[in-house]
Amino acid sequence: MHPAYTEEELRRFEEELAAREAELNAKAQRLSQETEALGRSQGRLEAQKRELQQAVLQMEQRKQQQQQGHNAPAPGPEGQLMFQPHNTDDAPVPAPAGDQKEAAASEKKAPEQPPELPPLDAQHL
């Protein structure tokens, strides 16, 4: 009977196997640590996401309150309503009652004609 492997070959094989096993164990440990780190990171990101969503919600509520505050008249010191004028920079101002005829007449003016230019002289071109 002749052995398939020598003692030396068997020893090298076992050493190589032990080295691979140690390498795989180290790799598994690194992956486990990375998984834990990713889990913590995901938790932090989810917390930040919730905080941002809450901040957006609060900003929207403030915006709505401000819009409602601008639309509704502000109460006076004794609780009565104080109406505030709106910004009317863009709106036309109506003429006083006595000037209605003059305003209507000025609105009916014909559009201005551009000034007539003298005919071009072909010799000067």
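Guide: R12 is partly exposed, at 47% relative accessible area. Partly exposed lies between buried (under 20% relative accessible area) and exposed (over 50%), with a 1.4 Å probe and protein chains only. This is a predicted model: local features need pLDDT of at least 70, side-chain atom pairs count only at pLDDT 80 or more, and totals for chains, interfaces and linings use all residues. Residues are numbered from 1 along each chain as its sequence is written, and side-chain values use heavy atoms, leaving out hydrogens and water.

Now to the partner of R12. Its side chain meets that of E8 in a salt bridge, 3.8 Å from N to O. A salt bridge here is a side-chain nitrogen of Lys or Arg within 4 Å of a carboxyl oxygen of Asp or Glu. R12 and E8 sit 4 residues apart in helix α1, so about one helical turn separates them. Helices are DSSP runs (H or I, at least four residues), numbered from the N terminus. E8 is partly exposed too, at 38% relative accessibility.

E8 also forms a salt bridge with R11, with the closest N and O atoms 2.3 Å apart. These two lie 3 residues apart in helix α1, about one turn. R11 is partly exposed, with a relative accessible area of 37%.

R11 in turn forms a salt bridge with E15, at 2.6 Å between the closest N and O atoms. E15 and R11 are 4 residues apart in helix α1, so again about one helical turn lies between them. E15 is partly exposed, at 45%. Together, E8, R11, R12 and E15 are linked in a network of salt bridges.
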